[in-house]
Amino acid sequence: QVDAVRVYVNSSSENLQYPVLFVVRQQKGVLSWQVPLIFRGLYQRTYNYQEVSRTLCPSEPTPETRPSDQIIFVDVASMAPFNIAYELLVTRLENFQLETNKAFNFTASPSQPQYFLYKFPQDVDSVIINVVSDAAYPCSVVSVQDIVCPVYDLDHNVEFNGVYQSMTKQAAITVQRKDFPGEQFFVVFVIKPEDYACGGSVPSSIHGNVNRTWNLQRTKNLQVTIVPSIKKSVYVQAMFFSFLSFLSFYLGSVVVAFVHYIRVQRKASAGRLSPEHGSGMMTSSHPISASTPEGSSYGAIDESSSSGGRQLSSPERRPPAGSDTDSSVEEESDFDTMPEIESDKNIIRTKVFLYLSDLSRKDRRIVSKKYKIYFWNIITIAVFYALPVIQLVITYQTVVNVTGNQDICYYNFLCAHPLGVLSAFNNVLSNMGHMMLGFLFLLIVLRRDILHRRAMEMKDIYTLDYGIPKHFGLFYAMGIALMMEGVLSACYHVCPNYSNFQFDTSFMYMIAGLCMLKLYQTRHPDINASAYSAYASFAVVISLAVLGVVFGKNDVWFWVIFSMIHVLASLALSTQIYYMGRFKIDGPDSDLGIFRRAVMVLYTDCIQQCSRPMYMDRMVLLIVGNLVNWSFAIFGLLYRPRDFASYILGIFICNLLLYLAFYIIMKLRSSEKLLPIPLFCIVATAVVWAAALYFFFQTLSSWEETPAESREKNRPCILLGFFDDHDVWHFLSAAALFFSFLVLLTLDDDLDTVRRDKIPVF
């Protein structure tokens, strides 16, 4: 048992010019202070206390010697030319050493800090110090310091040594035995003279003697409990659980591929289907025009309406089937080699009823090469984006480890398990799913790509004029984006804070954008955006996100500009989608001709045909989409959310969900089918996303608040004693994104035996 002594002094003197000086000399150190004790705050405020209580650095008997009495010298002095009365009381602390799993209650104030000793039990390598209080204020600091005298236990020096956190109602610090060679440490509790550091009110700037405050009552009742942390075996179990959970997706994919292979072989043996089909998920289907409801917008025109499309899609006008290779000689000018009257894209794309054959007329080799640029560009972007991010978060973690300031990073400290230099290894490990499932998706896409190439080599007719054109570049880019989301999310959780939250969302923007582009490319393969335009748009979005982090807190001008950009971008994109990219404000050379053209287009398409737009389905989608985006713009302008990155991500996700819902509704309306696999993926996506969002909204920390206020939201682990709610969100969101990608990959497998001049465009 370690003996500790506490010295209490009190003086009635308020003369700051002649304070009473107390010096305590011990065997291994000297401790001194003055009365009145002065603390300084903002705007030169001073807080003076006439009662001071300090715990002296304890002396522990060595194994070679027996316990002996401690000799302590207390020197009291003052330069005052008059007598000053003081009171001195020395007491022995009965409960100086904290015990494992046993709560201890005490009281502290700015002039009467407390600290206690804790020794590691023999079988414990790591402990968690839990500190709670019923009152949020006064603001306090919890510090863990090595057994060194003097102990830094005042507001102005508590940050000089060890690890520390600010605290309102709750704090938690994980301490490992390896960090303390003596296998023991001090737990120090300091009450701050002001509350602004914990999110409390900031004192106003007042000059004069009013800035002096005497004996402000700032007493706080605290309870500390030290509990053993998890053992090394739990780390191993958690890593195996993470790996095996996502390995099961690989096994499931192998089983599905094997079952599909057996079914294809049986159909091939029956002579009904080629053994190697390009889609890799072939099912018989019938042309949708046979069952299109009367009055429907699709399949309602006669055969002559798409004769041009069938004429171009005849085998004799196609390039050799086996020539699916990249070539450096093909240029964009080769894309539009059409017959005479049909060579004008304006004639084709402005038809009331469009079919896939109208928008898949370009040489498939060049189009495939165009979409492969998405894949190579995103790899380049990922490397150049990720390397500085990794370097930055390593610097963050180093600063935390060196300074001991745990207010820099917003962890869930009740479930933050360190490993090596990482303070919260569990938050990093839980991002494994994004990387493993992203790689699995790349393998699935690669399999389909290989099967399609084999079918092309065999000159399978189904790969020429039937089904959705197979371009896999965007799918490869989506797989890389999913893997990079795991990498950057792990980087963010190395030290989560306001400054680097954009790392966690940047590739989420790209994932949402690539999904929308892929959905649009499905039935508009010839007119989809190029990789350069798409990634340039993403760069603009990420730039706006960075500006929002810097200026989006309180600057109204930023939100006005951003809302205007948002609304104008929505209108411009809607115009391009409605006119299939053929809208141009061109006219005579004079500027008046351009405005005259704009007025004519507005009158013809928006006023004259207001009751019945030329493209009704597209118009309905775009009206709803613009209403959603304008609502976001108005919401941002009025409320100015501080989490700007999540605000932009919400815009992307809502637009993606709206477009996907429209696509599926139009698909069913056109009497197309949902095969079992895409139907299962849709249901799985909905269920897993619902479960994931439940855990996402279980807020465990928030960098929108001060570190002390954020710790009030901390919760214990819920899975294996290792993972918290946010880790479960990582697991489920990775699975949900994977199923979402599979929906886009398999959604139109029912059209593999349908002629392209029978597949409507919407």
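**Disulfides and salt bridges in a predicted model**

Cys409 and Cys495 are both buried, where buried denotes a relative accessible area under 20%, exposed over 50%, and partly exposed in between (1.4 Å probe, protein chains only). The model is predicted, so local features need pLDDT of at least 70 and side-chain atom pairs count only at pLDDT 80 or more, while totals for chains, interfaces and linings use all residues. Residues are numbered from 1 along each chain as its sequence is written, and side-chain values use heavy atoms, with hydrogens and water left out.

A disulfide joins Cys409 to Cys495, with an S to S distance of 1.8 Å; the term covers a pair of cysteine sulfur atoms within 2.5 Å. The torsion about this S-S bond is about -90°, and the disulfide of Cys409 and Cys495 is therefore left-handed. The pair links distant parts of the chain, 86 residues apart: Cys409 is in the loop between α4 (364-403) and α5 (425-429), and Cys495 is in the loop between α8 (473-494) and α9 (501-523). Helices (H or I, at least four residues) and strands (E, at least two) are DSSP runs, numbered from the N terminus.

The structure holds four disulfides. When bonded cysteines are counted along the chain, their pattern is 1-3, 2-4, 5-7, 6-8.

Another of these links is formed by Cys57 and Cys149, whose sulfur atoms are 1.5 Å apart. Because the torsion about their S-S bond is about -70°, the disulfide of Cys57 and Cys149 is left-handed. Cys57 lies in the loop between β6 (51-55) and β7 (73-77), and Cys149 in the loop between β12 (140-145) and β13 (163-167), so the pair ties together parts that are 92 residues apart in sequence. Cys57 counts as buried at 10% relative accessibility, whereas Cys149, at 30%, counts as partly exposed.

Cys139 and Cys198 also form a disulfide, with sulfur atoms 1.8 Å apart. This link of Cys139 and Cys198 is right-handed, with 50° about the S-S bond. Distant parts of the chain are again linked, 59 residues apart: Cys139 is in the loop between β11 (126-132) and β12, and Cys198 is in the loop between β15 (184-191) and β16 (212-214). Both Cys139 and Cys198 are buried.

The loop between β15 and β16 also holds Val202, which is exposed, with a relative accessible area of 51%. Leaving aside neighbours within four places in sequence, Val202 is in contact (heavy atoms within 4.5 Å) with Leu42, Tyr43 and Tyr196.

Salt bridges form a further set of links. A search of the whole structure finds 20 of them, each being a side-chain nitrogen of Lys or Arg within 4 Å of a carboxyl oxygen of Asp or Glu. In one of these, the closest N and O atoms of Arg25 and Asp75 are 3.1 Å apart. Arg25 lies in strand β2 (residues 20-25) and Asp75 in strand β7, so this pair ties together parts that are 50 residues apart in sequence. Arg25 is partly exposed at 36% relative accessibility, and Asp75 is partly exposed at 32%.

A salt bridge also joins Arg177 to Asp125, the closest N and O atoms being 3.5 Å apart. Arg177 counts as buried at 12% relative accessibility, whereas Asp125, at 46%, counts as partly exposed.

Finally, Glu672 forms a salt bridge with Lys667, with the closest N and O atoms 2.9 Å apart. Both Glu672 and Lys667 are buried. Salt bridges that share partners join Arg523, Lys667, Glu672, Asp748 and Asp750 into one network.
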